[in-house]
Every structure is written in structure tokens, then in C-alpha cells.
Amino acid sequence: MARRYRLALVVSAAVVVLDLATKALVEARIPLHHAVPVVDGLFSLVHVRNTGAAFSLLAEAPAALRVPLFVAIAVAAVAAVLALLRKLDDRQRLLTAALALVLGGAIGNLVDRLRYGAVVDFLLVYWRDWHWPAFNVADSAISVGVVVLLWTMTFGRDPAARA
């Protein structure tokens with residue numbers, strides 16, 4: 001197995017396991033629609049289900065449209081990431097890890113969509129009346145992966161590939 005595939009498998013599997021494990025903990029310990037303050041006025045653990053996409057986009061759309069659409073998008077994202085991984089060189093470890101973060105996050109949220117028709121979110125950052133939308137480990141992995149991809153595409157090649 002090529003080195004990039006091993007790295008991608010380890011990173012994406014770690015994201016999926018961590019995402020599903022943390023969601024299971026939240027589901028077991030925090031009732032739906034409840035919050036547990038961690039840092040008063042700044043951060044809470046919550047238990048919510050996001051029926052929409054990022055920032056609750058299309059959350060109000062009928063489930064018969066929304067769920068198949070989001071499942072199809074997630075499957076397409078997984079396929080696109082796998083296709084991109086095939087094009088990388090084994091020395092492009094940073095890009096491989098970034099794609100694997102996106103892959104793991106997409107799979108983690110896809111599991112929720114298939115189980116519930118929604119995604120379990122539990123991390124809530126806020127300040128007074130301002131609230132960032134609740135998110136989860138999968139969302140974080142996707143965000144970090146996309147930032148690394150954009151950074152690398154904007155500022156140059158993967159530094160590990162030069163070695």
C-alpha cells in the first residue's frame with residue numbers, strides 16, 4: 001500500500017473514531033437540546049441535531065429533499081477526496097493529511113445523516129448574545145483540512161514534498 005494511502009487511512013480513521021465516540025458520549029450524557037457550561041460566558045457542551053448543512057443551511061427544507069441531497073453531497077465529497085488522493089505523490093504528506101481530515105469529517109457526518117437525517121453537534125462557542133453555530137469533531141476536521149488545502153494552494157507546495 002502506498003505511503004500516502006496509509007497516512008490517509010490513519011488520519012481519516014482517527015477522525016471518524018474520535019467524531020463518533022464524542023457524539024456517542026454527548027448522546028449518552030447530555031439530553032437533547034440541553035447545555036452544560038464549561039467556561040461560563042464562552043463555551044458550552046450542548047446536544048443538538050443540525051438538520052441543515054453548514055450554518056444550518058437548508059435546515060427548513062423538507063426532509064425528503066434535504067436528507068438525500070446531503071447524503072449525495074457527502075458521497076460526492078468522499079469520491080472527490082479519494083480521486084485527489086490518487087493524484088498526490090507519496091511525499092505530499094501535508095496535502096494527504098489535509099485531504100484525510102476532510103475525508104474523515106465527511107464520513108463522520110455522513111454516518112449521522114444516515115442514522116438520524118441530521119448531524120449531532122455539541123461544541124458551542126459564544127460571547128454574550130453572539131453564538132457561533134454548534135459544531136462537532138467532524139466539522140472541525142473538515143475546516144482544518146480545507147484551511148490547510150487553501151494555504152498550500154495559495155502559498156506554495158507541501159513543504160514535506162521538497163525534502
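**Exercise 1.** Which residues of α2 are buried, and what covers them?

*Solution.* Buried means under 20% relative accessible area (1.4 Å probe, protein chains only). Next, the cover: it includes α1 and α3. Contact here means heavy atoms within 4.5 Å. An α-helix has 3.6 residues a turn, so residues three or four places apart point the same way.

The model is predicted: local features need pLDDT of at least 70, side-chain atom pairs count only at pLDDT 80 or more, and totals for chains, interfaces and linings use all residues. Residues are numbered from 1 along each chain as its sequence is written, and side-chain values use heavy atoms, with hydrogens and water left out.

**Exercise 2.** Is H47 buried or exposed, and which residues does H47 touch?

*Solution.* Locate H47 first: strand β2. Strands are DSSP runs of E, at least two residues, numbered from the N terminus; helices are runs of H or I, at least four. The relative accessible area of H47 is 4%, so H47 is buried. Leaving out residues up to four places away in sequence, H47 touches V26, E27, I30, P31, L32, H33, H34, V120 and D121. The H47 side chain reaches the backbone nitrogen of L32 at 3.5 Å.

**Exercise 3.** Classify V39 by accessibility.

*Solution.* V39 lies in strand β1 (residues 35-39). Its relative accessible area is 40%, so V39 is partly exposed.

Terms used. Buried < 20%, exposed > 50% of the residue type's maximum accessible area, 1.4 Å probe, protein only. Polar contact = N/O pair within 3.5 Å; in protein donor to acceptor, adjacent residues only side chain to side chain.
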